[in-house]
Amino acid sequence: MASAQGITTDDYKLFPSPRNRHRTIFLHQVFVPYPYMLIDLEGYNLKGKFSLFAACRLSDNKMGQLVTLETPADEATFRAKFVPD
């Protein structure tokens with residue numbers, strides 16, 4: 001199963017969302033410590049490409065999600081609009 005394949009970086013163990021259009025880890029990243037929250041990135045009206053991963057932060061084994069974004073403007077937009085449930 002492709003979605004079960006983990007990716008390990010220096011900072012995270014990642015599992016890609018099957019809904020990702022782009023299977024890339026972009027430069028601009030936001031870790032949100034809400035592993036079960038539904039994050040609909042389409043609703044943020046982002047200008048560039050983006051991807052979402054289930055994530056385990058290796059520094060403290062905190063589970064959450066990692067949003068990766070192509071542009072710094074999209075990172076700022078996501079940070080401004082994101083409100084946890």
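## Exercises on a predicted model

Ser17 has a relative accessibility of 15% and therefore counts as buried (buried means under 20% relative accessible area, exposed over 50%, partly exposed in between, with a 1.4 Å probe and protein chains only). The structure is a predicted model, in which local features need pLDDT of at least 70, side-chain atom pairs count only at pLDDT 80 or more, and totals for chains, interfaces and linings use all residues. Residues are numbered from 1 along each chain as its sequence is written, and side-chain values use heavy atoms, with hydrogens and water left out.

**Exercise 1.** Locate Ser17 and state its contacts, leaving aside neighbours within four places in sequence.

*Solution.* 
1. Ser17 lies in the loop between strand 2 (12-16) and strand 3 (28-32). Helices (H or I, at least four residues) and strands (E, at least two) are DSSP runs, numbered from the N terminus.
2. Contact means heavy atoms within 4.5 Å.
3. With those neighbours left aside, Ser17 is in contact with Arg23, Leu52 and Phe53.

**Exercise 2.** Determine which residues of helix 1 (residues 72-81) are buried and how they are arranged.

*Solution.* 
1. The buried residues of helix 1 are Asp74, Glu75 and Phe78.
2. They cover an arc of only 105° around the axis, which puts them on the same side of helix 1. The arc is that of the directions from the helix axis to the C-beta atoms.
3. An α-helix has 3.6 residues a turn, so residues three or four places apart point the same way.
4. The buried residues of helix 1 pack against strand 3 and strand 5.
5. The exposed residues Pro72, Ala73 and Ala80 are on the face of helix 1 turned away from its buried side.
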